[in-house]
Amino acid sequence: IGKYLTGKTPLDMFLVPFVATFVGCVAALGFATVTTPALVWLSGVIAKTMVINPFIGGLVISVVWAIFLMTPASSAALAIAVMLDPLSSGAALLGTTAQFVSYTVMSYRVNKPGANIAQGLITPKVQFGNITKNPYIAVPGIVSAAIIGPVGTLVFHFSVSYKIAGLGLNSLIAPITLASQSMSKLAIYVVLGIVVPAVISMVLVKVLKAAHKIKNDDMKIDIV
């Protein structure tokens, strides 16, 4: 719409951004009336897999929330909306944390400090554009989530509040919260959520590069 209006009137400087923003907001609100209930329903259905089978549930929830994190949807808001049970919340937290770690570990050499802070402590969503160009860069993070989710639920019975389930490493809220509750739980989180995904991602990114599926600059982030 903005492109269509450009050059049509002498009020471009005001009219183009105003109309584009207004129409975008109205469209977003309209789509949200459909997509938001659908996502909440889907999240609730997925969360019930933990009751059916803890192994499958841990795997599915960890992977799905890891994927939610990388989309325009809010993984944290969805976890709160469906009020995930503690075990499911643990799997979701591990899965989302794996994404923060994976992209940072794989691309820290090609990105500036600011970009690494953005994807490592704020949100790895900044890699979304790169994922659309080369989906293979999403593989290490998803594989990491698929491994640590069921291990966390079955072996360590890792459980947290749904309030931090979809946060990952965002602003370090989750690790600070866990440190205030239990140092043993924090240790499990650090090992499963950070160390293991880092190792898996480093191995897989080398495999994918050797197979010519990923290039060095595929995860470069340009920050103005």
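A surface patch here is built from residues with over 30% relative accessible area and no salt bridge, and nonpolar side chains are joined into one patch within 5 Å. Keep that cut-off in mind for what follows.

The model is predicted. Start with the overall fold. The chain holds 11 helices and 0 strands. Read along the sequence, its pattern is α-α-α-α-α-α-α-α-α-α-α. There are 224 residues in the chain, and 42% of them are buried.

A nonpolar patch of about 540 Å² is made by Val-190, Val-191, Val-195, Val-199, Met-202, Val-203 and Val-207. Take Val-203 as an example. This residue sits in helix 11, which spans residues 183-210. Its relative accessible area is 47%, so Val-203 counts as partly exposed. Partly exposed covers the range between the buried limit of 20% and the exposed limit of 50%. The patch cut-off is over 30%, and Val-203 has 47%.

Which helices each supply at least two residues of the lining? They are helix 6, residues 86-107, and helix 11. Helix 11 gives the largest share, with 4 residues.

What is the lining like by class? It has 7 nonpolar, 2 polar and 4 charged residues.

Conventions:
Residues are numbered from 1 along each chain as its sequence is written. This is a predicted model: local features need pLDDT of at least 70, side-chain atom pairs count only at pLDDT 80 or more; totals for chains, interfaces and linings use all residues. Side-chain values use heavy atoms; hydrogens and water are left out. Patches are made of residues with over 30% relative accessible area and no salt bridge: like charges are joined within 9 Å, nonpolar side chains (Val, Leu, Ile, Met, Phe, Trp, Tyr) within 5 Å. Accessible areas come from the Shrake-Rupley method with a 1.4 Å probe; for residues, only the protein chains shown count as cover. A salt bridge is a side-chain nitrogen of Lys or Arg within 4 Å of a carboxyl oxygen of Asp or Glu. Buried means under 20% relative accessible area, exposed over 50%, partly exposed in between (1.4 Å probe, protein chains only). Ala, Val, Leu, Ile, Met, Phe, Trp, Tyr, Cys and Pro count as nonpolar, Asp, Glu, Lys and Arg as charged, and the others, Gly among them, as polar.
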